[in-house]
Amino acid sequence: MHIPSSRITINDIARLSGVSKKTISRVINQSPLVSEETRTKVEAIIAETGFVPNAQARALARGRNPLIALVHDGSDRGILEAVERGMLRGMEGSEFSLVLRPVEGDPLTRLRSFIDQHRPTGIVLLPPLSESEDLAQLCDETETRCVRLGRVRGEHGLACDDRSAMSGLVAWLIRLGHTRIGLVSGPESSLTAQQRELGYLDAMADHDLDRGPALIAAGDNSFESGMEAGRLLLEVSPRPSAIIACNDEMAAGVIQTAQHSGLMVPDAISVVGFDDTPLAAKIWPALTSMHIPWAAMAQEAVARIRGPVMEAEGAPELKADLVIRNSVLPLEDKAGAS
């Protein structure tokens, strides 16, 4: 039976396409998590039926403004930049606008005030704020769609498997001949940092290597804490031949400390970061780093907020990939370089 285009719903598109409403939502919102074949099929049916989703109308009907806020505490500018880029990509062609909202100090009070004043359609929480159950509960109480990036308690956030990614990174260094590997850990309260440290411990244990406390120095994700942690690790005897930092900012701090100490990277010591933020390619030597797809996660977060139905099922696990640059040498090559 022919359905007038003005009465076409997302349920009709899903039925005609033979896929779920979630998939239709992802196609509409240009999510990267849809195959090209499915995207082409769904877009053809949308064009044939004349279905036009109107995000702004949906938002205003619910007493909301077509705004999606990226809420952060300013602690990791590299991740913030990548997430902003992904969110803007996810909003292309839509009525939505992006608002950057820092909430340092008292995050709960500041976020409540923002929601009350601006009535956004959705909130994307960046780590470490995404780990706050209070902020997630506030969004739930105010009926504001919320997507949490990174590892969270209870329901899953939109996250990679940081533990496996770190374990794979350590195993790669071991294959290059490094057996004395130091770690600059992240904030103790951070679930993401905890997963990354556990991945380091897993791999070192699997290869029966020293993973004692002298090889782990605490950081807080800042460049300055990386410098201090690097100083501590470089004083360990015997000195590590490689140091992994749990984010790129701290890895940059390790590189600066090493070079100030007369140890050239990677000739005298290899350094690896995590997240593959824009900083990794800008410093010298360019930083080898584990790429976490923050931009893709952010684009998917926007798709979930823009979609007609907020998806309740678990978040997809997005893949981490090692990006090899100039800050690492195989251990046998170090002997020839020194």
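Analyst: Leu 215 is buried, with a relative accessible area of 1%, where buried means under 20% relative accessible area, exposed means over 50% and partly exposed lies in between, for a 1.4 Å probe and protein chains only. This is a predicted model, in which local features need pLDDT of at least 70 and side-chain atom pairs count only at pLDDT 80 or more, while totals for chains, interfaces and linings use all residues. Residues are numbered from 1 along each chain as its sequence is written, and side-chain values use heavy atoms, with hydrogens and water left out.

Leu 215 sits in the loop between helix 9 and strand 6 (216–218); helices (H or I, at least four residues) and strands (E, at least two) are DSSP runs numbered from the N terminus. Leaving aside neighbours within four places in sequence, the residues in contact with Leu 215 include Ile 181, Leu 183, Tyr 200, Leu 233 and Val 236, contact meaning heavy atoms within 4.5 Å. Val 236 is 21 residues from Leu 215 along the chain, and their C-alpha atoms are separated by 7.6 Å.

Helix 8 (residues 162–175) and helix 9 (residues 191–206) pack at an angle of about 40 degrees, with their axes 7 Å apart; the axes are lines fitted to C-alpha atoms over the stretch in contact, and angles run from 0 to 180 degrees between N-to-C directions. That angle makes helix 8 oblique to helix 9, because angles under 35 degrees count as roughly parallel, over 145 as roughly antiparallel, 65 to 115 as roughly perpendicular and the rest as oblique.

Strand 5 (181–185) and helix 10 (223–234) are among the elements that cover the buried residues of helix 11, as is strand 9 (288–291). Those buried residues include Met 250, Val 254 and Ile 255. Helix 11 (residues 248–260) has 13 residues and reaches 18 Å from its first C-alpha to its last, close to the 18 Å expected at 1.5 Å a residue, and Gly 262, which follows helix 11, has a positive phi near 85 degrees.

Strand 9 also holds Thr 288, which is buried with a relative accessible area of 0%. A polar atom of the Thr 288 side chain lies 2.9 Å from the backbone nitrogen of Arg 325.

Technical notes: Expected span 1.5 Å × (residues − 1). Polar contact = N/O pair within 3.5 Å; in protein donor to acceptor, adjacent residues only side chain to side chain.
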